[in-house]
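Dear colleague,

Please find the structure below.

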Amino acid sequence: MSLLVGEALSFFGALADSVAGVEPEQTGRVRMMCATLGRLLELPGAQLRVLDAAAVLRNAGIFATAVDYERPASGARICEKFSGLPPGISDTVRWQCEFWDGMGYPDRLRAAEIPRTCRVLLAACRYAACTSEEQAHAVLTGQSGRMFAPDTTAAFLTWYYTRSAIATSSDLSDLEWIETVDAQNVLAVLRTELGARFRTRTAQNVRASDAWDVELAAVLYNLRQQAVPVLDRFETLRPVSRLLSEEDA
């Protein structure tokens, strides 16, 4: 089964967001601000597409670990398992929490060591988590030169004071990452990560006496409950729902 990458990987990203407790609208805000800041900073088209994909997959690490500090690196490793994705997506996911002053994680990069896509994604995520534009202004200006790169803050301020319609959620289609991706690959990655995290085989072998299997069964059950409404948002992916059924999980 081959599907548009925007559908299959957007489903994975949306499911990760759901598990992380992130509202669907927040990812739209992250994508919009990534595209806006990226264009203001004159990033080339290839970097804009990498940035857009990383914005969607930024929470991928939640399937591998419950520890916030470990999620960026885990998410990068997961992204490397998706067939056909450019390597820059994994790097951007890994370094999305690196701070300009070197106090971020997981690798304590600083200043120019941090790729520009990562600097933009960090600012866009903090923007999207704010409850108002004024709060976002206070956060990004207050941490400029510490958490955020000065040029990224300057780009945000350009947008903030002009509200230039450089990018909106309706004009992101030009950022489609690659042509196709195998939905089976996406679901296989999900299963592999959950299996590794809980040190078990598959949900078919759940036994009440095995604490690891019981915990995995609970996670898979909750995941299936969350997956149904997420799948409903992606019309061409609805056939994939059988891959998350009790029999196949």
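Contact here means heavy atoms within 4.5 Å. This is a predicted model, in which local features need pLDDT of at least 70 and side-chain atom pairs count only at pLDDT 80 or more, while totals for chains, interfaces and linings use all residues. Residues are numbered from 1 along each chain as its sequence is written, and side-chain values use heavy atoms, with hydrogens and water left out.

Leaving aside residues up to four places away in sequence, Phe 156 touches Met 33, Leu 37, Tyr 127, Ala 136, His 137 and Leu 140. Phe 156 is also among the residues with the most contacts inside the largest nonpolar core, together with Phe 12 and Phe 82; this core has 55 residues. Helix α6 gives the most to this core, with 8 residues. A nonpolar core is a set of buried Ala, Val, Leu, Ile, Met, Phe, Trp, Tyr and Cys residues joined through side-chain atoms within 4.5 Å; buried means under 20% relative accessible area, exposed over 50%, and partly exposed in between (1.4 Å probe, protein chains only). Helices are DSSP runs of H or I with at least four residues, numbered from the N terminus.

There are 7 salt bridges in the structure, each a side-chain nitrogen of Lys or Arg within 4 Å of a carboxyl oxygen of Asp or Glu. Lys 81 and Glu 193 form one of them (2.7 Å, N to O). Because Lys 81 lies in the loop between α4 and α5 and Glu 193 in helix α9, the pair ties together parts that are 112 residues apart in sequence. Glu 193 is buried, at 3%.

Kind regards

Technical notes
Helices (H or I, at least four residues) and strands (E, at least two) are DSSP runs, numbered from the N terminus.
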